[in-house]
2 protein chains.
Amino acid sequence: MRFSSKIEKCHLSPMRVFSGLAAEVEERGKKIYHLNIGQPDIKTPEAYFDVLRSFSEPVLAYAPSNGIPRLVDAVRGYYRTLGVELTRSNVLVTTGGSEALQMLMACILDDGDEIVIPEPFYPNYHAAVTLTGASIRPITTSPAENYRFAVREKVEACINEHTRAIMLTNPGNPTGTVLSEDELHLMLDIAKEHGLFIVCDEVYREFVYGGEKLLSALQFPGYEENVVVLDSVSKRFSACGARIGMLISKNAELMAQATKIAQCRLSVSTVDQLAAAALYDLDASYFDATRAEYKRRRDTFVRKLSEIPGVVCAEPKGAFYVMAELPVDDAAVFQKWLLTDFDDKGETVMFACGEPFYVTPGKGRSEVRMAYVLKEEDIARALDILAIAIKKYNETH
Amino acid sequence: MRFSSKIEKCHLSPMRVFSGLAAEVEERGKKIYHLNIGQPDIKTPEAYFDVLRSFSEPVLAYAPSNGIPRLVDAVRGYYRTLGVELTRSNVLVTTGGSEALQMLMACILDDGDEIVIPEPFYPNYHAAVTLTGASIRPITTSPAENYRFAVREKVEACINEHTRAIMLTNPGNPTGTVLSEDELHLMLDIAKEHGLFIVCDEVYREFVYGGEKLLSALQFPGYEENVVVLDSVSKRFSACGARIGMLISKNAELMAQATKIAQCRLSVSTVDQLAAAALYDLDASYFDATRAEYKRRRDTFVRKLSEIPGVVCAEPKGAFYVMAELPVDDAAVFQKWLLTDFDDKGETVMFACGEPFYVTPGKGRSEVRMAYVLKEEDIARALDILAIAIKKYNETH
């Protein structure tokens with residue numbers, strides 16, 4: 001029996017590829033500091049669990065395919081605070097931002113098509129694009145230029161007759177790059193001029209540390225047909241396990257196409273939708289406190305990381321990741337060694353290997369993405385372990 | 001901007017295509033008996049809600065991509081009662097049976113490939129297949145032959161060099177057909193002889209009304225590489241809104257391919273998985289009681305339906321649907337009229353139109369699928385309304 005040519009081109013997630021091995025190692029008693037996955041340790045707001053506890057329908061029924069109106073309206077209320085007016089049909093609730101991504105790619109990409117994405121990028125984009133038969137055309141960036149990509153010549157050089165869309169993550173995962181208003185405007189202009197969709201993954205919107213105002217591509221008038229936003233409660237409210245995301249666009253035809261897929265998978269979890277709706281009742285002070293906490297963690301992380309000899313990294317301006325080059329040949333080999341051959345007082349660390357964040361062959365092999373989603377003292381300890389490990393690894397390899 | 005050629009070939013769900021109109025009609029005060037969706041009115045077991053209420057983790061974290069071990073083991077325990085031994089890696093937890101379907105099709109189908117499916121079939125198969133670039137080759141059946149399809153010549157006539165898999169729903173949706181052990185054995189043999197996957201959607205397994213023992217394709221030794229089972233808690237435990245399904249196969253390579261997609265969408269809802277695990281602690285008496293209830297409903301449904309002049313239907317042997325031919329030219333036109341132009345004492349009915357259950361052009365236009373998921377008195381009333389409506393419709397059209 002044969003498998004599809006598309007699935008053969010997909011890979012295991014670089015964030016989860018070592019998860020089986022890690023589970024074994026943990027079962028044998030070694031402690032792992034998980035910098036590999038953006039799983040915050042911030043408490044999920046109690047409002048979420050209050051809804052679970054008070055759910056009183058006798059039958060756990062299917063929800064409407066496009067989302068429970070209570071949640072859709074809560075999302076609309078949130079966007080209103082950003083100055084964005086949405087109708088109910090502009091919002092499609094999905095099983096995590098991941099389903100919004102898959103659904104959108106299935107709607108807009110065909111075999112042989114291309115989507116322009118700055119690299120390094122969130123590796124799950126690769127599978128979502130590849131499963132449609134399309135491919136990623138990367139806007140190549142480098143740590144030296146602080147991973148900035150919003151330069152007209154660089155972007156336009158990637159556009160050809162196969163291009164259907166430009167995609168960006170803002171704030172950036174894995175780089176922490178935050179677009180200025182002018183940069184985002186430029187990206188929107190380029191998309192509009194070339195008749196392309198511009199897909200903006202904005203799940204880290206609240207996590208900006210330079211005092212910027214919160215930015216969404218939906219705030220810019222005149223790009224309604226081009227802009228598609230992917231959003232999620234996962235990071236914003238530390239509710240990753242809720243699997244509640246959304247596809248947002250004022251392009252009515254796109255939303256009609258996406259609705260076909262939404263109906264074909266029936267609905268999103270009923271209780272998770274209702275509980276997620278309650279999260280949107282939190283006021284801005286919740287985000288302020290969370291942002292302050294992540295800023296402290298970032299500062300600690302970058303300070304400790306830059307003290308390790310041979311590490312190259314820039315200060316991320318948003319999200320909660322650091323992309324860094326380590327003084328090792330191959331981060332994946334180093335990661336395996338960290339799990340199987342190394343410990344410091346019974347403890348080790350995990351990161352996401354950098355190579356799958358790129359499509360350009362050979363790029364990112366020495367790079368890693370690390371998430372600063374742990375408490376400051378855990379971050380400090382994890383980076384001490386990393387420093388010890390790098391030294392030991394380079395003495396023995 | 002252009003959409004993908006594949007999404008352009010997909011349709012809105014025939015079960016949900018009138019849902020917007022229905023919501024408007026209901027808002028204006030008309031009562032609708034919903035026979036269109038397989039949404040049972042049976043109470044969801046309290047065990048489910050107990051888990052929601054007692055969830056006490058402070059952080060709602062991502063679950064493992066392939067499923068929470070507690071749920072995977074619960075599923076394995078259930079299959080053990082059917083005489084089927086599964087390892088953890090044979091089971092992949094999905095967001096409803098729908099995600100298992102999409103995931104599987106993405107793994108095994110390529111552009112130009114074919115999958116053999118008896119028609120009429122569950123219409124959401126169409127979108128899942130079409131989005132891969134493949135197409136459905138139907139084994140055509142008819143009400144006159146009781147929708148039976150497990151005949152070697154009929155099946156083999158559909159197999160060619162493009163065929164990658166055979167798919168069946170057992171018990172059948174929309175037909176209620178239940179395969180005998182010999183028939184299922186024959187289908188497995190054909191798949192194996194031709195080197196094909198055989199995809200068995202068994203979400204209605206418990207709903208058989210002739211005293212048959214519960215059947216799964218996994219019970220037959222020797223077909224481990226071929227058999228893939230789609231399963232779900234939705235119908236079994238009246239927990240459709242949980243969106244907990246599973247892809248089950250002993251084909252290790254298939255499960256490895258599917259894991260790539262599972263990782264790319266991160267995980268399934270954490271609380272729904274934990275709550276679903278508790279459902280599997282229920283004993284067989286739960287199924288016995290539910291089965292007896294549905295049998296009574298089926299009997300009432302078929303008796304009342306066959307009293308309507310001009311209706312052609314056979315008695316379904318399993319699941320909870322009746323496929324019937326109505327004495328109208330076009331069921332979709334009739335449905336729209338039922339919603340907008342008709343009521344009996346302020347009440348009307350909805351069904352799923354038959355045409356999208358077929359791929360052969362022109363088939364099914366006068367047919368409808370109705371679900372007997374309502375209380376007996378509601379079924380009786382709904383079919384009285386249908387009888388009045390058919391009479392009035394044919395007097396005025």
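Let's start with chain A. Its domain assignment gives domain 1 (5-43 + 285-396) and domain 2 (46-283). Those bounds come from an automatic or database domain assignment. Before I go on, this is a predicted model: local features need pLDDT of at least 70, side-chain atom pairs count only at pLDDT 80 or more, and totals for chains, interfaces and linings use all residues. Residues are numbered from 1 along each chain as its sequence is written, and chains are lettered from A and ligands numbered from 1 in the order in which they are written.

Confidence next. pLDDT is the predictor's confidence in each residue, from 0 to 100. Chain A has a mean pLDDT of 95, and 100% of its residues reach 70 or more. For the complex, the predictor gives an ipTM of 0.94 and a pTM of 0.95.

Back to the domains. In chain A, the C-alpha centres of domain 1 and domain 2 are 25 Å apart. How many residues of domain 1 of chain A are in contact with domain 2 of chain A? There are 36, and they meet 33 residues of domain 2 of chain A. Contact here means C-beta atoms, placed from the backbone, within 7 Å. On the domain 1 side, the elements giving two or more residues are α11 (284-306) and β10 (321-325) of chain A. Helices (H or I, at least four residues) and strands (E, at least two) are DSSP runs, numbered from the N terminus. The largest share of that side, seven residues, comes from α11(A). By class, the domain 1 side has 19 nonpolar, eight polar and nine charged residues. Ala, Val, Leu, Ile, Met, Phe, Trp, Tyr, Cys and Pro count as nonpolar, Asp, Glu, Lys and Arg as charged, and the others, Gly among them, as polar.

Now the sheet. In chain A, four strands form an open antiparallel sheet, in the order β9-β10-β13-β12. Strands pair if DSSP finds at least two bridges between them. β9 (312-313) and β12 (352-353) of chain A are the edges, each with a single partner strand, so one side of each has no neighbour in the sheet. Five bridges join β10(A) to β13 (residues 367-371) of chain A, in the antiparallel sense. Y321(A) stands opposite A371(A) in β13(A). α11(A) packs on this sheet and touches β9 and β10 of chain A.

Over to chain B. Is strand β13 (residues 367-371) of chain B buried or exposed? Five of its five residues are buried, so β13(B) is largely enclosed by the rest of the structure. Buried means 20 or more other C-beta atoms within 10 Å of a residue's own; exposed means 12 or fewer, and partly exposed is in between, with C-beta atoms placed from the backbone. E367(B), R369(B) and A371(B) point one way from β13(B), while V368(B) and M370(B) point the other way. β10 (residues 321-325) of chain B runs antiparallel to β13(B), with five bridges. There, A324(B) has V368(B) as its bridge partner. β12 (residues 352-353) of chain B also pairs with β13(B), antiparallel, over two bridges. A352(B) is opposite R369(B).

Last, the chains together. Their contact takes 70 residues from chain B and 69 residues from chain A. On chain B, α5(B) gives the most, with seven residues. The chain B side divides into 32 nonpolar, 23 polar and 15 charged residues.

Technical notes:
Two residues are in contact if their C-beta atoms, placed from the backbone, lie within 7 Å. Axes are lines fitted to C-alpha atoms, for helices over the stretch in contact, and angles run from 0 to 180 degrees between N-to-C directions.
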